[in-house]
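Look at the ligand site first. Then turn to the backbone of one loop.

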Amino acid sequence: MATLEQLDKSRMPKHVAIIMDGNGRWAKAQGKDRSEGHKAGIGALHNVLEAAGKAGIKYLTVYTFSTENWNRPKEEVDALMNLIAWGIDKEKEELIRKGVRLQILGDIDRMPEFARTKTMQCMEEAKDGKVITLVVAFNYGSRNELAGTMQRIARKIQAGELSADEITEQTISDNLQTAGMPDPELLIRTGGEQRVSNYLLWQIAYSELYFCDTFWPDFGASELYDAILDYQGRERRFGKTSAQVQEEEKQK
Ligand code: IPE
Ligand code: IPE
Ligand code: MG
């Protein structure tokens, strides 16, 4: 159970991405409907966002609904859309007051009108937040994002703005929906599964992965700080040797 004081402020990740998983199993374990788990998940997000802001994290990117989640039973999808609208109503004022900027990844055109309007409005009203950016991945799939990125680049080539030889890794990063954001240093998945489920495939190329069994509704500030403490204990070598990394640390 880590606390904020235990963390090294000089080695804080700028960007933490989370696969908030386990809502359904959390609810089932208590004999409740799955939607109760999703509702409790909004409370967890509230707490984790606050804890992330206090830790000085600049971007928190959360997976709320994948392109594959449309395959769930209609009642669950409907309940999730209603909860998004409910969550925005409940949280909007505090988000703005606390300096949270809201951004969306994914195609929200498939969001029902009532939820989309609230989301867009909240994004507009929270656009000047300076404390932390909450990036909500909704109807998001990384392969879908990459296909869109390739289309954008191909159009630039067609228009003569770019040649094929000029495409670099940076060109791809700059044409993703996450353009301008740093890549996540840390990816957390709650709920026990050890997979990335089509999340940020390009962006997590060198992220540290952290999996925990805690179901998302039970994940809070101390669980977030546990994950960051674990991350801070790792040696990020980026292909170099440990001796090289340690030498570089000494030079700092
Ligand atoms: C994550 O929890 C939330 C969404 C995918 C919307 P789940 O709903 O996947 O919960 P489990 O994994 O079935 O327990
Ligand atoms: C990933 O969770 C998507 C979200 C957390 C929104 P899932 O529960 O949908 O992923 P799988 O099906 O276990 O891979
Ligand atoms: Mg799941």
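## Shell around ligand 2

In this predicted model, ligand 2 is surrounded by I19, M20, D21, Y63, T64, F65, N69, R72, R189, R195 and S197. By class, four of these residues are nonpolar, three are polar and four are charged. Strand 2, residues 59-66, supplies the largest share of the shell, with three residues.

The space that ligand 2 takes is the largest pocket.

## Polar contacts

For R195, an N or O atom of the side chain is 2.8 Å from a ligand oxygen. For D21, the distance from a side-chain N or O atom to an oxygen of ligand 2 is 3.1 Å. For R189, a polar side-chain atom lies 3.3 Å from an oxygen of the ligand. On its own, ligand 2 has 390 Å² of accessible area, and the protein covers 78% of that.

Most residues other than glycine have a negative phi. S197 sits in the loop between strand 5 (186-189) and strand 6 (208-211). L200 also lies in the loop between strand 5 and strand 6.

Are these residues buried or exposed? S197 is partly exposed, at a relative accessible area of 28%. L200 is buried, at 2%. The cut-off for buried is under 20%. S197 also belongs to the residues that surround ligand 2.

Terms used
Residues numbered from 1 in each chain as written. Chains lettered and ligands numbered in written order. Predicted model: local features only at pLDDT ≥ 70, side-chain atom pairs only at ≥ 80, totals over all residues. Heavy atoms only, no water. Near = heavy atom within 4 Å. Polar contact = N/O pair within 3.5 Å; in protein donor to acceptor, adjacent residues only side chain to side chain. Areas by Shrake-Rupley, 256 points an atom, 1.4 Å probe, with all protein chains shown as cover. 1 Å grid on protein atoms, 1.4 Å probe; cavity = no way out; pocket = protein on both sides within 12 Å on 5 of 7 lines; lining within 4 Å. Sits in = over half its atoms within 2 Å of the grid points. Helix = DSSP H or I, 4+ residues; strand = E, 2+ residues; numbered from the N terminus. Nonpolar A, V, L, I, M, F, W, Y, C, P; charged D, E, K, R; others polar. Buried < 20%, exposed > 50% of the residue type's maximum accessible area, 1.4 Å probe, protein only.
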